Amino acid sequence: STVMVYTVLSYVASLLCLLKPPSAYGVWVGEGGREMQSWKRGDDLLTKHPNPTKYIIVTTPRSGSTWLSEMMNSHPQVENYFEIINKHRMVHIARQKVNSEMIQRFMSNTSDTTARYDTHSKWEEMLDVCFEKPANPRVKAVGFKWHLFQMPKHLDQVMNYLNKNDVKVIVLHRENYLRQAISAYFKNVVRTKYNFRDTEKAPKMIAQDISVEFFEKYLKLYKAEAKVLENVAATAKYSHFVVYEEIVKHPLKHLKAIEMFFGVDEHVDEVLSDTNGFQKLHQGPIESMVTNWQQKKEILLKGEFKDSILKWDTTDDSTTSTGITRL
C-alpha cells in the first residue's frame, strides 16, 4: 500500500542519515547549552582562514567576562570557549576542531575527563588545543577567557608563551570594586544561579548582610589584581585594555575597537542585536542589596578606600548609553 511504501522510504532515508559522516556538520555549544554557531563543513572553503587570530580575555571574576564572551560568540567570525579549566571542557573543545595529529594525541591521552587541570603543568597543552585551527571555516579569531586565579603563579612564563605565539590579549578590568564585591558575594556565598538570557526566571534579589570585613577583603584583593592586569597589558606583545563600565556605557564603540584588534569584519549591529536581552542580575542602589548599608558605609569611609566608596556607591553601572540593561 501507499502507506507501507512511504514507511519503507522513510526508514531508508533515516538509515542514510545514520551513514552520513559525523564530520559533515558541526556546531559549537556555549555556556547554558545554547547553540552559538553552526555550519556545514565544506561551506565557504574559499574563505577559510588557515591561521585565525589567537586571543585570550584576561580578567577577574564578576567583571562582565561572560557577557563579553557571549558577544564574541555572537560574531560570525569569532569563536570563544569561555573558561577552559577542566578536562571535560577541553575534550568538548577538541571535538570542535579539525582532526589533526595534535588533537588525536590529546584525545588519546585524556582518559579522566572529570579531573581539573593542574595549571602548573598542563596550561601549555591546554592553550595548544584551544588555538588549534577550528573546524568552522568562517572563524577568523579563536580564544577564551582566563581569570587571574586560574593562571600559573609564574605569570612571566604565560606571557612568554602568549608573545611567542602572537596571542592577542584583551585585558578586562572592572573599576567599581564595591559592586564587584557584592556580585562576588551573591555568586560565592548565596550561590545565585541564573541564566541571564532567561530573564523571566531571574530570581528576586534579597538584601544580604554582607560584613564590612568581607568588603575590606575583596576591595584589597581587587586593588592587587588591578596591578597584575596592568602588568599583563604592559607586557603583552599585542594588548587591548578595556574597562567593563565603559563597555556598558558605549558598547558600539568598544565592540568596533575589538573587531579591529582581532582583524575581523564589522558585525556590531548583529552582535548587539543577539545580546540585546541580557540582564544584569545585581543592579540598583547598593542599599537595596546590602542590609544596614549606611552604617557599613560609614565604617568603610574611614578605611583605605574612603576616596572611592562614595563614587562607587552612587554609580550604577547597569545602564548603557542606549538605556538597555546589560549584564
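**Entry 1**

I started with the strands and found an open sheet of five, in the order 4-5-3-6-7, with parallel pairing. A caution for myself: this is a predicted model. The edges are strand 4 (78–80) and strand 7 (238–243), each of which pairs on one side only. From one strand to the next, I get an average twist of 20°.

For scale, I noted that the chain has 13 helices and seven strands. I also noted its 327 residues, 47% of which are buried. Among contacts with a separation of 6 or more, 77% are between residues 24 or more positions apart.

Next I asked myself how many residues of strand 6 are buried. The count came out at six of six, so I wrote the strand down as mostly covered, with buried meaning under 20% relative accessible area.

On one flank, strand 3 runs parallel to strand 6 and is joined to it by four bridges. I looked up tyrosine 55 and found lysine 168 of strand 6 as its bridge partner. Towards strand 7, strand 6 pairs in the parallel sense over six bridges. There I found valine 169 opposite serine 239 of strand 7, and histidine 173 opposite valine 243 of strand 7.

**Entry 1: the nonpolar cores**

Which residues touch the most other members of the largest nonpolar core? My list reads Ile56, Leu127, Phe144, Trp146 and Leu162, out of 31 residues in that core. The elements giving two or more residues to this core are strand 3 (53–59), helix 3 (87–94), helix 5 (119–131), strand 5 (141–147), helix 6 (155–164), strand 6 (168–173) and helix 8. Helix 5 gives the most, with six residues.

Setting aside residues up to four places away in sequence, isoleucine 56 touches Phe131, Phe144, Trp146, Met151, Leu162, Val167, Lys168, Val169 and Ile170. There is also a second, separate core of 23 residues, which includes Ala181, Phe215, Tyr218 and Ile286. I jotted down the general rule beside this: in soluble globular proteins, nonpolar side chains tend to be buried together.

**Entry 2: helix 7 against helix 8**

I moved on to a helix pair. Helix 7 (residues 177–188) and helix 8 (residues 212–235) pack at about 115°, with their axes 9 Å apart. Their crossing is right-handed. Helix 7 brings Tyr177, Leu178, Gln180, Ala181, Ile182, Ala184, Tyr185 and Asn188 to the contact, while helix 8 brings Phe214, Phe215, Tyr218, Leu219, Tyr222, Lys223 and Ala226. By class, I have 12 nonpolar, two polar and one charged residues in this contact.

**Entry 3: two buried residues**

Leucine 155 sits in helix 6. Is leucine 155 buried or exposed? Its relative accessible area is 17%, so I call it buried, the limit being under 20%. Leaving aside neighbours within four places in sequence, leucine 155 is in contact with Val228 and Val232. I also checked asparagine 231, 76 residues from leucine 155 along the chain, and the two C-alpha atoms are separated by 9.9 Å.

Serine 69, in helix 2 (residues 65–73), has 0% relative accessibility and counts as buried. Not counting residues up to four places away in sequence, serine 69 touches Ile57, Asn80, Phe82 and Lys145.

**Entry 4: positive phi**

Last, I looked at backbone angles in two loops. Arginine 62 is not a glycine, yet has a positive phi of about 65°. This arginine 62 lies in the loop between strand 3 and helix 2 and is partly exposed, at 28% relative accessible area. Aspartate 166, also not a glycine, has a positive phi of about 55°. Its place is in the loop between helix 6 and strand 6, and at 37% relative accessibility aspartate 166 counts as partly exposed.

Key. Residues are numbered from 1 along each chain as its sequence is written. This is a predicted model: local features need pLDDT of at least 70, side-chain atom pairs count only at pLDDT 80 or more; totals for chains, interfaces and linings use all residues. Side-chain values use heavy atoms; hydrogens and water are left out. Axes are lines fitted to C-alpha atoms, for helices over the stretch in contact, and angles run from 0 to 180 degrees between N-to-C directions. A crossing is left-handed if the near helix is turned anticlockwise from the far one by less than a right angle, and right-handed if clockwise. Contact means heavy atoms within 4.5 Å. Ala, Val, Leu, Ile, Met, Phe, Trp, Tyr, Cys and Pro count as nonpolar, Asp, Glu, Lys and Arg as charged, and the others, Gly among them, as polar. A nonpolar core is a set of buried Ala, Val, Leu, Ile, Met, Phe, Trp, Tyr and Cys residues joined through side-chain atoms within 4.5 Å. Buried means under 20% relative accessible area, exposed over 50%, partly exposed in between (1.4 Å probe, protein chains only). Two strands pair if DSSP finds at least two bridges between them.
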